[in-house]
Amino acid sequence: MKNLKIKTFSEYQKQYEFSVSNPELFWDGVASTFMWKKKWENTLTWNFEEPRVSWFEGATLNITENIFERNLATKKNDLALIWEANEPLAANRTYTYEELYHAVNQCANGLKSLGVTKGDRVCIYLPMVPELTIAVLACARIGAIHSVVFAGFSATSLADRIIDADARLVITSDGLNRGAKQMSLKDVVDEAVAHTACIQNVLVLKVTDTNCSMTETRDIWWHELIPSQDIICPATEMESEDSLFILYTSGSTGKPKGVVHTCGGYMVYTAYTFMNVYQYEEGDIHWCTADIGWITGHSYIVYGPLLCGATTVMFEGIPTYPNAGRFWEIVEKYKVTQFLTAPTAIRSLMAFGEEPVQKYDLSTLKIIGTVGEPINEEAWHWYQNNVGKGTCPVVDNWWQTETGGIMISGIGGISPQKPTFAGYPLPGIQPVLLNQDGEEILENEQEGYLCMKAPWPSIIRTTYGNHARCKEAYFSNFEGYYFTGDGAKRDENGMYRIIGRIDDVINVSGHRFGTAEIENAINQNELIIESAVVGYPHPIKGQSIYAFVVCDHTLSDLDDARKDILNTVTNEIGKIALPEKIQFVSGLPKTRSGKIMRRILRKVAEGDLDNLGDVSTLLDPSVVDEIVKNRI
């Protein structure tokens, strides 16, 4: 990969031009730096009508061989993984490449002993402990398809994902540590599995040493199964287009979608983008603060860094525990060189002032990044001035679960920076702005719908078990294009700024939730007839959730009703999806055909009451007056 690292902006420009004029030759060159059991016969076949995208056809590989066998000869004693515990005084854990290789093989053999084979789906519901990384790679080692679920989702959300993936095994723990809290996970899994018929075993890791029930014949302790396994496990040969993992993401309608990524293309793209965006050098220490339950953790904690032979840091805790200097303490402790976090975390730490940052030596930092949502200008400057000390480039990158890897971004300190602008497309990425008629906007200094007109190796292949849904969600809005769901602006130099979602998706602290998903949860409450939720600006989270709810009778205690609704959402999705505001209304603004006018509700939630637009065509315009009058 070293010879593919971009070192100057002019080199980026040349590489970019080559990548869009000769994409197959370009990606041939990148892919040839990896270990393949069998070389591809055809680099790319695609159309966005079906859609069908296939990279490196006929090739076979195993992605873990490219992490281990490919790196062990020169890196077996180098650190692969550093784990920092939730408690600052607790012992950390480290794994060299050889130690991680053996741990992954032991887990892989343990999974095989439970009957897990190539193509089986394994649901992983673990906290941020090393065994989460180990379990992910163990699945990939034997060709099982991993589906990691963030360990903050409720039993109902977990069950939905297990059922959709038809998983045969859940890997979980007794509990988790997060800040000052200790929470049970096994109870959540037990409740979820009770609503499924596909789960054959539950593999349980001890993290908190709290008592949890174990179902005989179904549940197995990790410590009783895995450590006794052989440290060698042959890698299963996989087709390039075989599924590597399923990761669920919220959409504007219905249940979460199971985004499918495949072995060959995902491997090539995540490694290439990690090497270039973060300008990785031998001996660097890379820390991405995301949870592996999200795509950022998959690509830039696990696969991207390890494919490049890097040292990756994994953190169990939260940025403000036990104090607001925890992030910076860890940077100093491990001499972190590349640091990636979310704008939400930056904004929350800004509230504590500069003193918690100034206490620590951050001089090892070379690059600081942001991901998950657009960063506002104030946070961008605070981050660069106080964390980057005015010298570190701020790599603000845009991408999605569906894209697999970073799409638009600065490249280390090589490319121009501009606060709030993600930057330029990476080589191989061909973004366009479209107007409402689906026509490309060729001029700069314009806004439009952000779409892609050609595939890249890690593009979504399908939504698990429902290819029609993939087409409808991403390829039907504008014929011949992949539609991101985001609006964007291009400046006079061709740099892109992401404006935000244009569909009914709310981004809370970098976590995407479909309005329908939250409304379905609220509507499970027996008090509720109907609901509508919208996002509105929040100074820390980016967006918060505002819920408008219609009840079946007059409520005597609104505070109790709100608590009851919040409990329902917690049980159905999890606390991460809780509405910040709940307004009780007698009706919702609807068109005569029955469509809820969320545009009006967004204006109310934002307090933009002078720009509600024409309401005369609504079925009952008077409900708008009532909603405005009683706005929270």
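Helix α1 (residues 9-21) packs with helix α2 (residues 23-31) at an angle of about 115°, and their axes are 5 Å apart. Helices here are DSSP runs of H or I with at least four residues, strands are runs of E with at least two, and both are numbered from the N terminus. Axes are lines fitted to C-alpha atoms, for helices over the stretch in contact, and angles run from 0 to 180 degrees between N-to-C directions. On the α1 side, Q15, F18, S19, V20 and S21 meet P23, L25 and F26 of α2; contact means heavy atoms within 4.5 Å. Sorted by type, the residues of this contact are 5 nonpolar, 3 polar and no charged. In that sorting, Ala, Val, Leu, Ile, Met, Phe, Trp, Tyr, Cys and Pro count as nonpolar, Asp, Glu, Lys and Arg as charged, and the others, Gly among them, as polar.

A quick word on what you're looking at. This is a predicted model, where local features need pLDDT of at least 70 and side-chain atom pairs count only at pLDDT 80 or more, while totals for chains, interfaces and linings use all residues. Residues are numbered from 1 along each chain as its sequence is written, and side-chain values use heavy atoms, with hydrogens and water left out.

Next comes an open sheet of 7 strands with mixed pairing, in the order β5-β4-β17-β16-β18-β19-β20. Two strands pair if DSSP finds at least two bridges between them. At the edges sit β5 (93-96) and β20 (394-396), each pairing on one side only, and from one strand to the next the twist averages 20°. Strand β19 (residues 367-370) runs parallel to its partner β20, with 3 bridges between them; T370 stands opposite D396 of β20.

Helix α6 lies across β4 (79-84), β5 and β17 (311-315), and runs at about 30° to β5. Helix α6 (residues 130-142) also packs with helix α11 (residues 295-307), at an angle of about 65° and with the axes 10 Å apart. T133, V136, L137 and A140 of α6 make the contact with V302, Y303 and L306 of α11. Those residues divide into 6 nonpolar, 1 polar and no charged.

## The sheet of 4 strands

There's also an open sheet of 4 strands, ordered β23-β24-β26-β27, and here the pairing is antiparallel. Its edge strands, β23 (431-434) and β27 (496-501), each pair on one side only. The twist averages 45° from one strand to the next. Strand β26 (residues 482-490) pairs with β27 in the antiparallel sense over 5 bridges, and D486 has R501 of β27 as its bridge partner.

## Helix α7 and its surroundings

Helix α7 (residues 155-165) has these buried residues: A155, S157, L158, A159, R161, I162 and A165. Buried means under 20% relative accessible area, exposed means over 50%, and partly exposed is in between (1.4 Å probe, protein chains only). What do the buried residues of α7 pack against? Their partners are β6 (121-125), β8 (169-173), α8 (186-193), β14 (243-249), α17 (515-522) and α18. Just after α7, D166 takes a positive phi of about 55°.

D564 is partly exposed, with a relative accessible area of 32%. Setting aside neighbours within four places in sequence, D564 is in contact with N525 and L527. From C-alpha to C-alpha, D564 is 54 Å from L72, and the two are 492 residues apart in sequence.

## A buried arginine

R347 belongs to helix α13 (residues 343-350). R347 is buried, its relative accessible area being 7%. Not counting residues up to four places away in sequence, R347 touches E373, P374, N376, A379, P539, I540, K541 and G542.

## The cysteines

How many disulfides does the structure hold? The count is 0, a disulfide being a pair of cysteine sulfur atoms within 2.5 Å. For C233, the nearest cysteine sulfur is that of C107, 9.8 Å away. For C288, the nearest is that of C308, 14 Å away. C233 is buried, with a relative accessible area of 0%, and C288 is buried too, at 1%.
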